[in-house]
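Trainee: I am new to this structure and would like to be taken through it. Could we look at it together?

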Amino acid sequence: PPRIRRLEESVVNRIAAGEVIQRPSSAVKELVENSIDAGASTVSVTVKDGGLKLIQVSDDGHGIRCEDLPILCERHTTSKLSAYEDLQTIKSMGFRGEALASMTYVGHVTVTTITEGQLHGYRVSYRDGVMENDPKPCAAVKGTQVMVENLFYNMVARRKTLQNSNDDYPKIVDFISRFAVHHINVNFSCRKHGANRADVHSGSTSSRLDAIRNVYGASVVRDLMEIQVSDENAVDEIFKMDGFISNANYVAKKTTMILFINDRLVDCTSLKRATEFVYSAILPQASKPFIYMSINLPPEHVDVNIHPTKKEVSLLNQERIIEKIKDAIEEKLMNCNNTRIFQTQALNSSALTQANTRKDKGTEVSTPTGEKSQKIPVSQMVRTDPRDPSGRLHTYWQGQTSNLEKKSGLVAVRNIVRSRRNPKDAGDLSSRHELVTEIDYNLHPGLFDIVKNCTYVGVADEVFALIQHNTLLYLVNVVNVSKELMYQQALCRFGNFNAIQLSEPAPLLELLTMALKDDESMSDVNEKEKLEIAEVNTEILKENAEMINEYFSIHIDQGGNLTRLPVVLDQYTPDMDRLPEFMLTLGNDIAWDVEKECFRTAAAAIGNFYALHPPILPNPSGKGIRLYKKNKDSMESAGQADNDLTSTDEDDIDQELLAEAEAAWAQREWTIQHVLFPSMRLFLKPPKSMATDGTFVQIASLDKLYKIFERC
């Protein structure tokens with residue numbers, strides 16, 4: 001085997017230098033941190049050819065003692081600590097004593113410094129960690145100036161990879177910008193050698209927002225929100241974070257995350273990913289956030305000695321800290337939707353009115369003030385009339401319109417009003433009136449106004465639909481809304497229902513048996529016991545058949561067969577696949593002995609049965625069509641699940657089942673638009689709970705939100 005040799009010290013030092021000074025921006029970061037540790041109030045950086053030819057960092061800190069200059073650039077010489085235990089409470093940014101030494105192994109370093117009280121300063125040059133000559137007296141200003149020339153002159157491979165000076169100078173500017181935002185009591189400047197204007201120039205300020213404005217511009221500050229997080233459960237507050245995050249209006253192509261932990265500029269990939277995940281639900285896909293965070297922890301909870309360039313640190317309880325910060329950002333963003341702003345075109349209402357009265361296109365319209373404006377194209381008009389279907393999503397779907405959809409959406413409303421015009425004199429029970437009064441008492445006024453004056457936009461997914469109210473856009477949970485509407489209608493139509501006649505009587509025993517087989521909670525019960533339960537529930541329903549027929553128009557004959565169901569909404573028939581579950585609920589969950597609870601639970605059961613649940617068959621649109629393949633084993637082959645759906649062989653699809661599913665989903669969508677929402681505007685009284693349980697979710701707020709989609 002080859003012999004193991006001890007490397008020469010010069011080789012060891014150069015290898016170590018390559019780890020610490022990875023590129024010119026690494027050298028700038030180390031020098032600026034040394035200046036801040038020296039108590040500087042002004043730091044100036046000058047760079048030539050991206051830092052390869054020259055890096056010059058000047059500060060007005062306390063300077064370097066003349067007697068310390070001989071060992072200034074030796075490895076592991078530092079004024080920051082003296083024992084390893086000091087590392088546990090270190091607060092300075094530098095501590096290893098490797099930065100300056102590493103620069104001397106890969107470049108030519110010249111240091112000019114003066115301390116307070118001295119009549120002159122000293123200049124000395126270093127190479128390979130040692131002085132090239134004795135310190136020379138010279139004229140100097142307060143502080144220290146470090147100049148690094150010909151960086152990586154002896155590392156050919158690395159210098160070739162950094163030949164393009166345009167690559168590293170932006171990184172240097174980015175570092176200085178981040179320091180300028182955090183250290184608001186320090187003046188920073190960064191410029192190219194020979195340039196008259198600095199690319200970064202920040203003055204000392206008492207406001208963090210002013211510092212961000214000076215560095216990143218007023219457009220960034222306009223969309224920032226202050227955020228503060230602390231560990232409230234801890235006795236001594238293990239960590240505390242304060243900073244600024246962008247709101248939903250901020251738009252950028254790249255994430256800007258400025259993170260300081262105990263005043264040390266670091267990166268934290270886990271925290272960055274967590275925050276980007278939160279923002280992904282708020283911002284458009286191509287937009288990225290701006291984040292500034294300053295986290296303070298006890299020094300003993302931070303391990304700073306885990307990376308050669310000190311760009312990363314290790315935290316105690318890191319997962320808990322990240323989770324708390326993530327939750328705080330999410331809560332902050334969820335409460336900022338009411339400030340969301342989009343650029344819109346202002347419309348001149350007087351000009352628009354006159355333009356509509358004139359049929360000739362291209363003519364100019366005069367306003368009352370005498371100004372002339374062009375006729376506004378239809379594609380730029382904002383839809384505000386709920387009767388105008390031009391802005392609804394389904395209008396732009398090819399092949400989805402039918403003769404039924406061309407009819408007015410008010411057909412269902414007219415039928416309902418006609419049937420309600422002369423109600424029967426029945427159902428005037430005090431308990432029923434108490435339940436109706438509870439509905440009025442729990443009414444949420446804000447949601448009631450939204451429901452009354454909303455405009456239907458379209459179906460968002462299997463559960464949610466989109467509606468517009470004034471300039472607000474909402475996601476509405478169709479299942480929850482329809483369930484509450486059916487419950488209220490069951491109480492309002494109490495004793496006055498029309499009936500749906502079943503084509504064939506449905507035996508209760510069979511329906512209940514089917515429901516018990518599908519009930520997962522009954523999986524441990526044997527078939528004999530299930531049959532006994534079904535028989536008991538059948539007898540209960542037969543005993544109370546007269547009452548539920550009179551009040552709710554659910555007719556059960558003497559033989560135990562279901563023959564009629566109530567019409568809760570005209571032009572709407574419930575999903576009969578859920579009929580067994582409905583019968584089991586009537587038999588099990590109704591409080592027959594207490595009148596008020598009986599009416600409440602029966603109406604709730606009817607509401608759940610008649611609600612617009614997603615069809616049992618999966619949605620065949622998109623990737624869902626794979627669920628209708630005859631040969632399902634072929635789906636398990638690796639990678640086939642991600643293939644283009646257009647490659648699906650039609651012969652491999654169960655066309656009959658697919659057609660049934662498409663019809664069910666199309667019917668549900670039609671019912672939502674033409675039955676549910678018109679009835680909801682007339683009859684629904686949304687309870688207060690819907691404001692907090694996710695039934696109504698505001699997703700945008702802006703003037704004239706919806707425009708004609710001609711631009712698409």
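Mentor: The answers below go through salt bridges, strands, surface patches and some backbone angles.

Trainee: Before that, what kind of model is this, and how are residues numbered?

Mentor: This is a predicted model, in which local features need pLDDT of at least 70, side-chain atom pairs count only at pLDDT 80 or more, and totals for chains, interfaces and linings use all residues. Residues are numbered from 1 along each chain as its sequence is written, and side-chain values use heavy atoms, with hydrogens and water left out.

Trainee: How many salt bridges are there?

Mentor: The count comes to 12 salt bridges. A salt bridge here is a side-chain nitrogen of Lys or Arg within 4 Å of a carboxyl oxygen of Asp or Glu. Side chains of opposite charge can pair when their charged atoms come close.

Trainee: Which residue does glutamate 33 pair with?

Mentor: Its partner is lysine 29, and the closest N and O atoms are 2.8 Å apart. Helices (H or I, at least four residues) and strands (E, at least two) are DSSP runs, numbered from the N terminus.

Trainee: Is glutamate 33 buried or exposed?

Mentor: Glutamate 33 is buried, with a relative accessible area of 1%. Lysine 29 is also counted as buried, at 5%. Buried means under 20% relative accessible area, exposed means over 50%, and partly exposed lies in between (1.4 Å probe, protein chains only).

Trainee: What does glutamate 434 pair with?

Mentor: Glutamate 434 forms a salt bridge with lysine 596, with 3.4 Å between the closest N and O atoms. Glutamate 434 lies in helix α13 (residues 430–441) and lysine 596 in helix α20 (residues 595–610), so the pair ties together parts that are 162 residues apart in sequence. Glutamate 434 is partly exposed at 40%, and lysine 596 is partly exposed at 23%.

Trainee: And which residue meets arginine 600?

Mentor: The side chain of arginine 600 meets that of glutamate 438 in a salt bridge (3.2 Å, N to O). This pair links distant parts of the chain, with arginine 600 in helix α20 and glutamate 438 in helix α13, 162 residues apart. Salt bridges that share partners join Glu434, Glu438, Lys596, Glu597 and Arg600 into one network.

Trainee: Changing topic, how do β20 and β21 pair?

Mentor: Strand β20 (residues 464–469) pairs with β21 in the antiparallel sense over six bridges. Two strands are taken to pair if DSSP finds at least two bridges between them. Isoleucine 467 stands opposite tyrosine 474 in β21.

Trainee: How many residues of β21 are buried?

Mentor: Five of the six residues of strand β21 (residues 472–477) are buried, so the strand is largely enclosed by the rest of the structure.

Trainee: What is the strand order in the open sheet?

Mentor: The open sheet of three strands has the order β22-β24-β23, with antiparallel pairing. Its edge strands are β22 (498–507) and β23 (555–556), each pairing on one side only. Six bridges join β22 to strand β24 (residues 561–567), and asparagine 498 has valine 567 in β24 as its bridge partner.

Trainee: Where does phenylalanine 152 sit?

Mentor: Phenylalanine 152 is in the loop between β7 (143–149) and α4 (156–161). Its phi is positive, about 65°, although this residue is not a glycine. Most residues other than glycine have a negative phi. Phenylalanine 152 is buried, with a relative accessible area of 0%.

Trainee: What is phi for asparagine 317?

Mentor: Phi of asparagine 317 is near 60°, again a positive value in a residue other than glycine. Asparagine 317 is found in the loop between β16 (314–315) and α9, and at 34% relative accessibility it counts as partly exposed.

Trainee: Lastly, where is glycine 194?

Mentor: Glycine 194 is in the loop between β8 (187–192) and β9 (200–202). At 68% relative accessibility, glycine 194 counts as exposed. The C-alpha atoms of glycine 194 and lysine 48 are separated by 8.4 Å, while the two residues are 146 residues apart along the chain.
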